[in-house]
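Student: I would like to learn how to read a structure of this kind, one feature at a time.
Tutor: Put the structure up, then ask.

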Amino acid sequence: MDHAPSPGRDSHAEHPVRAALLSTVRIPLRVWKAFRILHTVFLIIRAKERFLLLRPLPPDALKESILDLGVCFIKLAQVLATRADFFSPEYLAELRTIHDEVAPMPEADLEIMYRRAFGESPPFIWFDQRPIASASIGQVHAALLPGEVKVAVKIRRKNIEHRVRLDLRILRGLLFVFRPFFSRYTRNSLEAIIAEFAVMIVREADMAIELENLRRFKEKYSHIDVRLPDYYAEYSSSDALVMSFERGTRIDNVVALQAKGIDFERLVHKVIEFYTEQMLVQGFFHCDPHPGNLLVQDDGRLVLLDYGMVKRLPEHTRIAMIEYAKAAHDRDYDVYVAACKRLGVVAASAPEDEIREFAERMFSIFSNQNLSASSMQALALDVLDSMRDLPFKLPQEVIYVLRASALIEGLGTNFLDNYNGVKDILPVLVKNLDRALGEEARLFPNLKKELTSLPLTLRRIKTIITDLSDGSMRVRLNNETVEVLEVRIAKLLRPVVAGVGLILAAVFLQGASFQGHTTLAWICFLAGVLRLATCLR
């Protein structure tokens with residue numbers, strides 16, 4: 001019987017001076033590789049051939065650089081792989097093959113983290129040093145508790161918090177460099193990706209947070225026929241999480257599942273129902289849904305693993321998503337456009353007729369029963385490409401919803417012929433619409449709620465009137481209004497800045513000494529005055 005790991009030689013142990021020298025070399029090299037990754041993303045999004053004399057990395061080289069950097073960049077690549085509107089099929093094909101699977105940590109590192117998590121008297125009667133799975137944040141080992149209870153022990157890597165925070169500083173610094181060169185809408189999307197990703201990756205590196213996520217999942221979804229692991233809080237900490245050992249077949253192993261007689265249509269429907277419940281009914285969902293985290297037991301029951309990345313959707317976002325999906329189901333394009341703007345998928349100032357045209361074209365593709373899955377995807381990508389200049393955005397809260405949707409779409413197309421995600425997902429939402437909206441969907445509870453809040457409403461009206469009479473009234477603008485104002489102010493300021501710039505150039509040229517400088521100065525001055533006059537009239 002194998003026992004807890006014994007101390008081994010640390011293959012990464014180095015003399016302090018040598019370690020310092022290697023660190024001096026590694027960090028600049030890491031920054032350079034990170035720069036090339038973001039540089040490539042920038043060129044792809046802007047459809048440019050080169051920037052700063054450099055061409056983008058080809059798809060295979062981009063994947064290799066991401067894998068070399070590990071941790072943050074692997075997770076970031078998995079998020080970027082959802083952006084079919086940004087990347088060509090060649091890049092998407094490589095990004096979608098990036099999995100968070102890395103070499104196990106050295107024996108000495110494992111020993112240090114094991115002792116740090118469980119002390120000098122570990123609770124296990126057996127602990128397998130060979131990991132079942134090894135990822136960039138941590139690795140999972142099989143073990144036995146007293147009573148022959150088999151458990152899975154997830155131990156985080158040594159110094160992972162430091163590595164994560166270093167990579168995030170590099171990413172934010174490079175984004176600051178590239179930020180001025182992105183369009184306003186694209187820039188917002190990328191900032192949202194990195195901002196949301198930064199919060200999630202730091203939380204994922206803490207096993208105590210993962211334990212709490214699992215506890216809340218079991219509390220919220222006990223009514224769903226999906227197996228969620230049991231946890232052992234008394235043995236868990238920020239460094240390790242001890243859970244029940246779950247058996248099953250990976251959900252993407254089609255051959256093995258077919259051999260077990262699994263009903264694929266029922267399985268896909270079960271995944272759709274579970275994620276609809278998470279994202280749109282409860283607003284609390286598992287947002288790292290790669291196939292390695294979903295197992296299928298022999299009786300067809302789903303098992304959900306790995307709770308490091310769990311997200312709560314704000315209520316206004318959840319309701320906007322329901323509205324968005326319902327409008328899509330009913331083909332009510334006016335409501336659909338309004339829901340897009342409330343959700344933040346498109347800018348508030350976006351032209352409604354063009355967004356409506358985009359929606360009509362996309363849904364005519366998705367509703368065509370004669371198209372194969374591959375033809376449907378090709379046509380949808382063509383529409384996205386033709387609408388590339390529309391001000392689409394990616395709000396922070398929607399990033400991981402897209403990842404979950406991509407998983408469902410991927411499973412459906414893998415298991416079923418001519419799978420149509422929109423056709424299959426929307427009826428499930430419509431069926432659960434009352435539950436998703438809660439009391440807001442029912443008339444009498446809503447009337448009761450309004451009547452009981454009437455005194456408070458009258459008090460608020462009185463407060464508003466008092467503030468108006470005292471001149472102390474403050475007005476708060478919603479995000480859509482602020483966004484429209486930003487666009488209009490920027491449009492107004494642009495010619496003003498140009499005019500002032502021309503006048504300053506005239507002043508500079510007046511003091512120059514080359515031939516014709518006076519004439520050129522007068523031209524710049526008059527052009528600047530004319531520019532200001534036309535924009536201020």
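Student: Which helix gives the largest share of the lining of the second largest cavity?
Tutor: First, the ground rules. This is a predicted model, where local features need pLDDT of at least 70, side-chain atom pairs count only at pLDDT 80 or more, and totals for chains, interfaces and linings use all residues. Residues are numbered from 1 along each chain as its sequence is written, and side-chain values use heavy atoms, with hydrogens and water left out. As a general idea, rolling a probe the size of a water molecule over the atoms shows where empty space is left. A cavity is, on a 1 Å grid over the protein atoms alone, a set of points where a 1.4 Å probe fits but cannot get out; lining residues have an atom within 4 Å of a point. Grid points are joined across faces, edges and corners, and a volume is the space filled by probe spheres set on the points. Helices (H or I, at least four residues) and strands (E, at least two) are DSSP runs, numbered from the N terminus. In this case helix H3 (residues 71-80) gives the largest share, 4 residues.

Student: How many cavities are there of 30 Å³ or more, and which residues line the second largest cavity?
Tutor: The count is 2 cavities of 30 Å³ or more. The second largest cavity holds about 40 Å³ of space, and its lining consists of Ile37, Ile66, Phe73, Leu76, Ala77 and Leu80.

Student: Is H3 mostly covered or mostly uncovered?
Tutor: Buried means under 20% relative accessible area, exposed over 50%, and partly exposed in between (1.4 Å probe, protein chains only). H3 is mostly covered, with 10 of its 10 residues buried. Among them are Lys75 and Gln78.

Student: Where is phenylalanine 178 found, and is it buried or exposed?
Tutor: Phenylalanine 178 is found in helix H6 (residues 160-178). Its relative accessibility is 2%, so it counts as buried. Between phenylalanine 178 and histidine 39 the sequence separation is 139 residues, while their C-alpha atoms are 7.9 Å apart in space.

Student: Which residues of helix H8 are buried?
Tutor: An α-helix has 3.6 residues a turn, so residues three or four places apart point the same way. In H8 the buried residues are Met207, Glu210, Leu211, Asn213, Leu214 and Phe217. They cover an arc of only 160° around the axis, which puts them on the same side of H8. The arc is that of the directions from the helix axis to the C-beta atoms.

Student: What span should H8 have, and which residue caps its N-terminal end?
Tutor: The expected span of a helix is 1.5 Å times one less than its number of residues. For the 14 residues of H8 (residues 207-220) that gives 20 Å, and the end C-alpha atoms are 20 Å apart, which agrees. Aspartate 206 caps the N-terminal end, with a side-chain oxygen 2.9 Å from the backbone nitrogen of alanine 208.

Student: How many bridges are there between strands E3 and E4?
Tutor: Two strands pair if DSSP finds at least two bridges between them. Strand E3 (residues 138-145) and E4 pair in the antiparallel sense over 8 bridges. One of the partner pairs is alanine 143 with valine 151 in E4; valine 140 stands opposite lysine 154 in E4. The two strands form a hairpin with 3 residues between them, and glycine 147 in the turn has a positive phi of about 90°. In E3, 7 of the 8 residues are buried, so the strand is largely enclosed by the rest of the structure. Strand E4 (residues 149-156) has 6 of its 8 residues buried.

Student: Which other strands pair with E3 and E4?
Tutor: Strand E1 (residues 126-127) runs antiparallel to E3, joined by 2 bridges. Strand E2 (residues 133-134) is also antiparallel to E3 over 2 bridges, and a hairpin joins E2 to E3 through 3 residues. E4 pairs with strand E6 (residues 240-244) in the antiparallel sense over 5 bridges.

Notes: A polar contact is a pair of N or O atoms within 3.5 Å; within protein, one must be able to donate a hydrogen and the other to accept it, and residues adjacent in sequence count only if both atoms are side-chain atoms. On a 1 Å grid over the protein atoms alone, a cavity is a set of points where a 1.4 Å probe fits but cannot get out, and a pocket is an open set with protein on both sides within 12 Å along at least five of seven lines; lining residues have an atom within 4 Å of a point.
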